[in-house]
Amino acid sequence: LLAGDLEPNETKEFSLRLWMHSDVTANDKDSMNATYNGKISIITSYAVTLPTIEEAIKNIPVVTSGNGLYEVNHSDANITYTSDQTAINNLKQTEYRFAGPNPNNYVKFNNELWRMIGLVNTPEGQRVKLIRNEKIGNYSWDSSISSINTGSGVNEWSQSKMMNLLNNGAYYNRTSGTCYNRTNNTTTNCDFSSTGLTEESKSMIDTVTWNLGSIEIGNLNPTNLYNTERSNKTGKICSSSVSYCTDTVVRTTSWLGQIGLMYVSDYGYATSGGTTTNRETCVNMDLESWSKSERSDCKNNDWLYKNEAQWTLTSSASLTAGSFVFMVNSNGKYSHNDASFNYASRPTIYLKSNVKIDSGDGTESLPFELIYKVK
């Protein structure tokens, strides 16, 4: 009659009724003042309880040096993109982020290697954030016709070419097509028929609010970056009289969606530092200085660092252009450039809360295997 599951410490209550057949009447004396016995059969089997990926992260011991999981406190964060107190409180929670040159944060997702940035904050609450281990290619963040920002694109993520590629285009639909890779809407052929998202993978991705606060160059340590990315500062502060600022696109400070890119702050928090420059020093300095030889401990002990320029989600507010977006340079520091440049693109997602770990230990050779169970 009924079938279902009971989670640990979960209970379910049922109301049971016993009734007489309609043929029985008051004249059937044998049915009066009688005792009736009923029987309820409960057939059970034991199932292994799998932890959600969020529970698994919370069970990992926190470290203060080397590879591992680090606490990042945001209790003093200055959140200005919204007045919603719930969203503000959610963004001020303590996070758990993987850091070091090669922490055990590997995940098999989409039949390929991805890595966990950690259990990080969104306006809707904490989610496990993943980034693809390798780039899907080198593509423009955005591009435009020559009369708009001289063809260099617009630094508004919600309408960008990259956003459409990842959330509506060839990558999302696991097919081939054309991708943007230069100024003036220049395109190139791209094929994601074997590397795009599978339907199973898409079912695990949560739709959350991605903050789009824009940043101006200057004293940008990870904490300042985190705050400004979640601010009400938009990516267009230049005048339309400037040739790189002729677009009329309305900038937003948040976007509700599924697939984005890493923030600059994600990169900054992923370092463990080293013996010459420790983590505390690295995360309290401007990331622009990470390219200096005496600061090599910061980038070389950061698993998100790659020896090539990588796009981030973070736009740059500049008085000279409405097309600037931040990337992480091959020398380890951040900088900004026109959105039309073709830099390495690594899809980044937040997992739904009820995604579970089926097996694995998080190493590259034995990554965590994920399963999605609808409750």
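Over the ring of which residue does the charged end of Lys-202 sit? The charged end of Lys-202 sits over the ring of Tyr-172, 4.3 Å from its centre, where the criterion is that NZ of Lys or CZ of Arg is within 6 Å of the ring centre and within 35 degrees of the ring normal. The model is predicted, so local features need pLDDT of at least 70 and side-chain atom pairs count only at pLDDT 80 or more, while totals for chains, interfaces and linings use all residues. Residues are numbered from 1 along each chain as its sequence is written, and side-chain values use heavy atoms, with hydrogens and water left out.

**Strands**

- Strand β5 (residues 125-132) is largely enclosed by the rest of the structure, because eight of its eight residues are buried; buried means under 20% relative accessible area, exposed over 50%, and partly exposed in between, with a 1.4 Å probe and protein chains only.
- Helices (H or I, at least four residues) and strands (E, at least two) are DSSP runs numbered from the N terminus, and two strands pair if DSSP finds at least two bridges between them.
- Strand β4 (residues 112-122) pairs with β5 in the antiparallel sense over eight bridges; the two form a hairpin with two residues between them, and Trp-114 stands opposite Arg-132 in β5.
- β5 also pairs with strand β16 (residues 348-350), in the antiparallel sense over three bridges, with Ile-349 in β16 as the bridge partner of Leu-130.

**Salt bridges**

- A search of the whole structure finds 14 salt bridges, each defined as a side-chain nitrogen of Lys or Arg within 4 Å of a carboxyl oxygen of Asp or Glu.
- The side chains of Asp-266 and Lys-129 form one of them, at 2.7 Å from N to O; since Asp-266 lies in helix α7 (residues 264-269) and Lys-129 in strand β5, the pair ties together parts that are 137 residues apart in sequence.
- Lys-333 and Glu-288 meet through their side chains in a salt bridge of 3.2 Å, N to O, and Glu-288 is partly exposed, with a relative accessible area of 32%.

**Aromatic rings**

- The structure holds eleven aromatic pairs, counted for rings of Phe, Tyr and Trp (its six-membered ring) whose centres lie within 6.5 Å, with planes under 30 degrees apart taken as stacked, over 60 as edge-to-face and the rest as tilted.
- Trp-210 and Trp-255 form a tilted pair, 6.1 Å centre to centre and with 50 degrees between the planes; Trp-210 lies in strand β9 and Trp-255 in strand β10, so the pair ties together parts that are 45 residues apart in sequence.
- Trp-210 is buried at a relative accessible area of 0%, and Trp-255 is likewise buried, at 9%.
- Ring pairs link Trp-210 and Trp-255 into a cluster with Trp-141, Trp-157 and Tyr-350.
- Arg-230 lies over the face of Tyr-226, at 3.8 Å from the ring centre.
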